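These are my notes from going through one model. I list what I looked up, entry by entry.

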Amino acid sequence: MSKKIIKGGWIATASDFFQGDILIEGEKIVQIGGNIVDPDAEIIDASGKYVFPGGIDPHTHLDMPFNNTVTDDDWETGTIAAAFGGTTTIIDFALTAGESKLANAVEKWHKKAEGKAVVDYGFHLMIHDLNEETEKELPILLEKEGISSIKVFMAYAKEFQASDRTLFKAFKIGKETDAVVMVHCENGSVIDELVEEARRKGHTAPIYHALTRPPEVEGEATKRAIELAHIAGAKLYVVHVTCKEAVEEIIRAREKGYEVYGETCPPYLVLDQTALEKPGFEGAKYVWSPPLRPKSHQEPLWNALKAKQLQTIGSDMCSFNYNGKKRLGLNDFSKIPNGGPFIEDRFSVLFSEGVAKGRISITDFVDMIATSAAKIFNLYPQKGTIAVGSDADIVIFDPTVKRTISAETHHMNVDYNPFEGMEVTGEPVSVLLRGEFIIKDKEFVGKIGGGKYIHRSLAKEPKKETQIIN
Ligand code: URP
Ligand code: ZN
Ligand code: ZN
């Protein structure tokens with residue numbers, strides 16, 4: 001088995017930050033120490049660099065049919081961009097809307113990913129509707145496929161939105177199986193009414209996307225999801241939290257002891273609603289849901305991350321070309337495909353805006369970018385940390401370099417970058433997936449199709465009353 005020593009770097013985990021060496025044998029980390037010597041090992045000099053666990057992106061949409069089209073990054077382009085950005089595991093959403101058997105969706109998603117993914121991956125199973133058959137099928141499928149998370153949309157009435165009854169049934173199955181239930185929290189029915197009203201008044205510009213999805217519809221849906229999950233006794237994970245209203249509901253629930261987790265995404269931390277007011281059609285580049293908010297919502301998001309009331313950073317990667325599919329909404333904001341390209345810059349934007357600007361500690365950064373997601377989605381400790389026995393998914397990161405984000409240099413299959421022109425501090429230099437380089441000195445050296453599907457266990461944690469106390 002091949003051996004490598006990553007030498008002299010500053011190793012960061014969710015709990016520690018220290019200088020040391022990492023010995024890798026085959027796919028695994030086998031030793032961490034002060035000065036490891038092994039004459040058979042290849043030496044990788046990491047002096048002056050930070051050494052992070054590979055990023056885990058729990059929220060991607062690759063090759064996804066949506067809004068009368070399909071996203072522009074598939075499992076090859078999307079995962080190559082992820083690798084450049086320091087992400088070694090993604091969890092994508094297998095969509096079941098319109099499927100008579102849920103298993104069909106999982107099979108489709110396996111086909112999309114197999115032979116293309118260059119990083120490891122798993123799936124969340126989306127639930128649109130549940131009937132007698134699918135209710136029976138769901139727990140069996142979760143177990144068989146190693147899927148420990150269900151996704152329900154409270155928005156997108158015409159495509160994905162589930163009824164409150166389906167949402168509640170999903171929570172009940174979440175409770176039974178121990179799967180975490182992820183929810184897109186926006187009141188889709190109210191949004192549809194606001195959109196129709198805006199269209200009747202002749203409003204067509206991209207900014208109306210934000211104005212017809214106010215923060216209150218996110219706050220209301222977040223509260224509803226929290227209460228329904230609580231009645232069912234399920235674990236809730238609120239995806240892409242964008243605003244003060246939603247954060248406040250999550251904090252309130254957590255303070256009451258409810259098992260509620262929250263994710264936010266880089267654009268909500270650094271961009272704001274004025275981007276949708278750019279001249280002409282340019283605002284379409286910033287159309288995704290929930291929308292960008294006024295700047296005043298950024299501070300509550302950073303504070304909630306710092307206080308660990310929000311735990312993870314997802315990319316919500318969902319890319320559409322500006323001089324392409326975004327144009328479907330040229331004359332009607334409600335037809336602009338919702339989504340943006342974020343898989344590549346998730347890691348670096350959070351490092352730069354968070355750690356380099358002193359907003360979060362380096363250990364909290366690791367927690368948000370990898371460890372928390374690994375724990376919530378049952379990948380830990382195989383993934384999400386640097387520990388003996390863990391997969392050797394490692395990012396060697398230069399914390400000093402300054403660079404400017406641009407579509408000219410990114411690797412996503414889209415013609416624009418929402419962070420265009422933003423100067424960031426720090427950059428992944430080399431990335432290893434299970435002990436092998438996939439990025440070496442900023443060049444892609446991975447294998448197309450080299451990413452593995454990861455089965456995630458649904459093993460229940462020991463309940464408090466059955467824990468053995470010494
Ligand atoms: O606009 C977005 N976020 N597109 C992807 C689908 C979703 O809601 O996550
Ligand atoms: Zn969503
Ligand atoms: Zn999404």
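Entry 1, helix H2. I started at its end: H2 is followed by Gly115, whose phi is positive, near 80°. Helices here are DSSP runs of H or I with at least four residues, strands are E runs of at least two, and both are numbered from the N terminus. The model is predicted, so I note that local features need pLDDT of at least 70, that side-chain atom pairs count only at pLDDT 80 or more, and that totals for chains, interfaces and linings use all residues. Residues are numbered from 1 along each chain as its sequence is written, chains are lettered from A and ligands numbered from 1 in the order in which they are written, and side-chain values use heavy atoms, with hydrogens and water left out.

I then checked the length of H2. The helix covers residues 102-113, and its 12 residues should span 16 Å at 1.5 Å a residue; the end C-alpha atoms are 17 Å apart, which agrees. The expected span is 1.5 Å times one less than the number of residues.

Which residues of H2 are buried? I found Leu102, Ala105, Val106, Trp109, His110, Lys112 and Ala113. Buried means under 20% relative accessible area, exposed over 50%, and partly exposed in between, with a 1.4 Å probe and protein chains only. Down the axis of H2 the buried residues fall within an arc of 160°, so they line one face of the helix; the arc is taken from the directions from the helix axis to the C-beta atoms. They pack against strands S7 (65-66), S9 (87-94) and S10 (120-126), and against helices H1 (75-84) and H3 (132-145). Contact means heavy atoms within 4.5 Å.

I counted as a core a set of buried Ala, Val, Leu, Ile, Met, Phe, Trp, Tyr and Cys residues joined through side-chain atoms within 4.5 Å. The largest has 138 residues, and those with the most contacts inside it are Phe52, Leu125, Phe171 and Phe365. Helix H12 (residues 362-376) gives the most to this core, with 9 residues. A second, separate core has 14 residues, among them Ala46, Ala392, Ile394 and Leu432.

I listed the partners of Phe52, leaving aside neighbours within four places in sequence. They include Ala12, Phe347, Phe351, Ile362, Phe365 and Val366. Ile386, Asp393, Ile394, Val395 and Phe397 are also in contact with Phe52.

Donors are N, O and S atoms within 2.8 Å of the metal (3.2 Å for Na, K and Ca); water is not among the atoms, so sites may look incomplete. Four donors count as tetrahedral if all angles lie between 85 and 135 degrees; four count as square planar and six as octahedral if opposite donors are over 155 degrees apart and all others between 65 and 115; anything else is irregular.

Entry 4, zinc ion (ligand 2). The protein donors are His184 (ND1) and His240 (NE2), lying 2.0 Å from the ion. The 4 donor atoms subtend angles of 56 to 151°, which makes the arrangement irregular. His184 lies in strand S12 (residues 180-184) and His240 in the loop between strand S13 (236-238) and helix H8 (244-255), so the pair ties together parts that are 56 residues apart in sequence. His184 is buried, and so is His240. This ion and the zinc ion (ligand 3) are 3.9 Å apart.

A cis peptide bond joins Ser289 and Pro290, with omega about -10°; Pro290 is in the loop between helix H9 (266-270) and helix H10 (298-306). Another cis peptide bond joins Tyr380 and Pro381, with omega about 0°. Asp441 is not a glycine, yet has a positive phi of about 45°. Asp441 counts as exposed at 55% relative accessibility. Lys442, also not a glycine, has a positive phi of about 70°, and is partly exposed at 42%.
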